[in-house]
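Me: Please take me through this chain by question and answer. Keep it brisk.

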Amino acid sequence: MRYSDKKAERAAAQIHRGGNSDQEQSAAAARTNRTPLNRSVQLLAVMSAKAISEQTGKEFLYKHICTSAAVQNRFRYANVTPETDFTRLAQEHPWLLTERLVVKPDQLIKRRGKLGLVGVNLDLNGVQEWLKPRLMKETTVRDHVLFHHEGGVDVGDVDAKAQKLLIGVDEKISEDLVKKNLLTSVSNDKKAILSSFIVGLFNLYEDLFFTYLEINPLVVTKDGVYVLDMAAKIDATADYICKAKWGDVEFPPPFGREAYPEEAYIADLDAKSGASLKLTLLNPRGRIWTMVAGGGASVVYSDTICDLGGVDELANYGEYSGAPSEQQTYDYAKTILSLMTREKHRDGKVLIIGGSIANFTNVAATFKGIVRAIKDYQVPLKEHEVTIFVRRGGPNYQEGLRVMGEVGKTTGIPIHVFGTETHMTAIVGMALGHRPIPNQPPVAAHTANFLLNSSGSTSVRHSLPRTASFSENRARVEASPAKKVKTGAPAVPLTSSFSFPAAKATTLFSKHTKSLVWGMQTRAVQGMLDFDYVCSREEPSVAAMVYPFTGDHKQKFYWGHKEILIPVYKNMGDAMKKHPDVDVLINFASLRSAFDSTMETMQYPQIHTIAIIAEGIPEAHTRRIIKTADEKGVTIIGPATGCFKIGNTGGMLDNILASKLYRPGSVAYVSRSGGMSNELNNIISRTTDGVFEGVAIGGDRYPGSVFTDHVLRYQDTPGVKMIVVLGEIGGTEEYKICQAIKQGRITKPVVCWCIGTCATMFSSEVQFGHAGACANQASETAVAKNKALKEAGAFVPKSFDELGEIIKSVYDDLVAKGVIQPAEEVPPPTVPMDYSWARELGLIRKPASFMTSICDERGQELIYAGMPITEVFKSEIGLGGTLGLLWFQRRLPRYACQFIEMCLMVTADHGPAVSGAHNTIVCARAGKDLISSLTSGLLTIGDRFGGALDAAAKQFSKAFDSGMLPMEFVNKMKKDGKLIMGIGHRVKSINNPDMRVQILKDFVKQHFPSTQLLDYALDVEKITTSKKPNLILNVDGFIGVAFVDLLRTCGGFTRDEADEFVEIGALNGIFVLGRSMGFIGHYLDQKRLRQGLYRHPWDDISYVLPEHMSM
């Protein structure tokens, strides 16, 4: 029995077959001594999903299901590995010795019972015997062709036999509905139990964001239900919603593929990063390795490798995207290089570093991490005869390619670099020997060249020589459409009566479109304004921004050369009310808040189009968004460009100008992948007169709009002369395009290619970069869809590698027929480069406002004076060592670190009576905060209180260095009428010594290599105490002279450096830092004691007024 909580018109056929565990069923019957009623239950939704183990699925069910039906066989389990000690296992789980047991692999294997991989009705010894020939042994899963002349052979095809009940979005399920639609063949005495269980199971399915839930078989008796085999998937993007109920879920790897520690390492990096880092190992011994930027691009490269015959040698699938840092890119790259240099290949190896044209990622910055990794692995790379092919585009890609080429020259590793002048996948053909490697590829203009208008401003569009790839010698691709439908329907039957609803709006955007931007995305908004300006719009397309986390204010932006202000509202209602001409919302909310903000937006009827930038929204939420949008006539899209630019689409301004997106061409496209949009812009601009409009609908399983929504708009738009569709594996939307072509609803030429053709060639399941990129039946494969499109009459290349050539061929044919008449180019207005970007590119320089040499927080981890924070802790240098790094820029000896810490300890406090503590207490009792109270105390530190460390160090050092005898020094100070700083104490004396000084003296004498200045000061003390017993060397004076000895003799400083630290006041910092601890203590003490406002008593004040005032 299957439930599918999806809209019928949005449904994509999906087949999941659950194997029958007949043995378990029999075992259950034996346990209950009753005749079982056998049923299978499937709950299915086609969405982004991750398979979970049967153990996890049953834990969820037993813990969270709410049903009146008694679930009898509460789940108990024990995990067994090759290292398991069965004696200890029995001690931990005593029930293993008393119960009859079922044993089976929990590894996402389908039809385990049919394959002999389920042992039933065993005791613990029987389990051990069953495991001996199977545990850690390879199992081959084969397809079987079954035939019986009478039929009726149970092959477990639940989809063909089960009754179905569709539950719409936001609809509820009831027991009566279940009985009426699903339980017609069930005996009456079982209906109540089953209907209650199924309703509870469906509610569990929704509450815990399952995407697939199958129980097969389910045993039902009058006492309740027995859950036997289970298979389940959950929507991993709902982790932030379900974390409390899910706990920590471990997702097992697909059956047939090992789980590698490197995959786990990259997954951990991905989890800790805002970027996207993915790695799947397919064949660690393969010779073809990839390092691709972008989810869509990663599929395209894998496709091309497989299409060119490299499937058996393809070692990995993966991607890095989302602007990873240099360190993250380095960690990812070194993992790849480490894996590919473990085993040699007789033909050597190739590494393909590819990607589409980035929107905002600084390509040169990400390449720095890859370059570091290549330098670190240069020896093994040369030993394994690795050749590297690089193709990349995007911000600052020219510098990135230059650096990559230089590292090839310096290391001796063959590295071939190409930019946007080269078709994205052309390097695959070069790497596999299918096309020649150009000696000197065309050199692209520098990023900064967009500042100037092109000198060829009067040239005709498409008059410049453009090539999609280095394929001059390749035969011209036939431009005529493929033959019409041949015998044999496509994998998904499409009836001739299929109707195509009219598009919600033929034109989504115009040159007068006004939008709201949700989120403080200033960079994206500035990019939109720059695009508006070069398109010669009269005013900005962004009317306002909505950001709930600040108050209403205005944000400064540039409109060409001048600055303008755009309002920012805290409340969306205020923005809508004040800007009634807005009809587009661009939603930059995260996947966690995109649902709420989008649903709120659709309350306002003035909004006709919503662009959602976030991917990975829980798909139960996505379906609700789609339902509401359909009801309200709102179009939901992803990034787009045309006469209106959404967010970062199209990349930075240099790419927009290079792709000529500032004026309309004749070609409109729709793509799943936002990352591939820039590549389509590039291909189309180099092979045609350019893009009229381009839309990315997103890679999630439930996009807000579908291909036909936009293809039909393009068909009805006069300015569009040809259409390009970039589909992908998964779903069946492309078949609607086939039907529209057959029925004549689409008459304009359609060039179409579905990426993901490699999926059918992999031996195990691979989850591609997009959540929706997964075929659940044969008709959803890219190969099947490409075939159907070609048979319907679309122009379909043999591979993505030929896409540009097909587009050029169709375009040239339309020009020849006069359908397209290329117009003259009109140069766009110039837009100045942003200062921050110009500086990042190294085009300008500016004196820094600040300089620092002690700390750097910009990298992967904090650095103190050149020492990473992790090393600070590993070295256990303590607080004294940390102070040495930050104050003195030195790694001090251990005894020096200890001495600093001792100084902080002995200066921490000296009671509440001293002026600093007194001020702090008075301030605290006046109700002031910690910072104010602490500052009040610190302001009393000076020559008279606590500030004698520097002065004492200076006076004693000067006297000692000048060769004065101690007596001469004392006499001189007396003659000059000056106090000797660091000498004297109000309470302590030669007869009542200060134990703080004594503790420090013992340590210094034992550990310091020399104490010349201290000895000099002690000689001075002998003279002063002979005159008066309390003229001792106090703690300030001791620390001052001892610190000078430390700086001069520890070996880390020159004499000039040591004197400089004394001169600039470093030693007083010791007292300030130490005494701050005491002042804070006094503050907290007063607050804890709840002391009131302090008022000094009159009797402790001597009132001395002038005589004339007292009379």
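**Backbone and packing**

Reply: Ala-865 is partly exposed, at a relative accessible area of 28%; that class lies between buried (under 20%) and exposed (over 50%), with a 1.4 Å probe and protein chains only. The model is predicted: local features need pLDDT of at least 70, side-chain atom pairs need 80 or more, and totals for chains, interfaces and linings use all residues. Residues are numbered from 1 along each chain as its sequence is written, and side-chain values use heavy atoms, without hydrogens and water.

Me: Which loop holds Ala-865, and what is its phi?
Reply: Most residues other than glycine have a negative phi. Ala-865 is not a glycine, yet its phi is positive. It lies in the loop between β29 (863–864) and β30 (867–868); strands here are DSSP E runs of at least two residues, helices H or I runs of at least four, numbered from the N terminus. The phi of Ala-865 is about 50°.

Me: Is Phe-209 buried or exposed?
Reply: Phe-209 sits in the loop between α7 (188–207) and β7 (210–221). Its phi is also positive, near 55°. Its relative accessibility is 11%, so Phe-209 counts as buried.

Me: What is the orientation of α11 to α12?
Reply: Helix α11 (residues 326–340) packs against helix α12 (residues 363–376) with axes 7 Å apart, at about 40°. Axes are lines fitted to C-alpha atoms over the stretch in contact, and angles run from 0 to 180 degrees between N-to-C directions. Under 35 degrees is roughly parallel, over 145 roughly antiparallel, 65 to 115 roughly perpendicular, the rest oblique. So α11 is oblique to α12.
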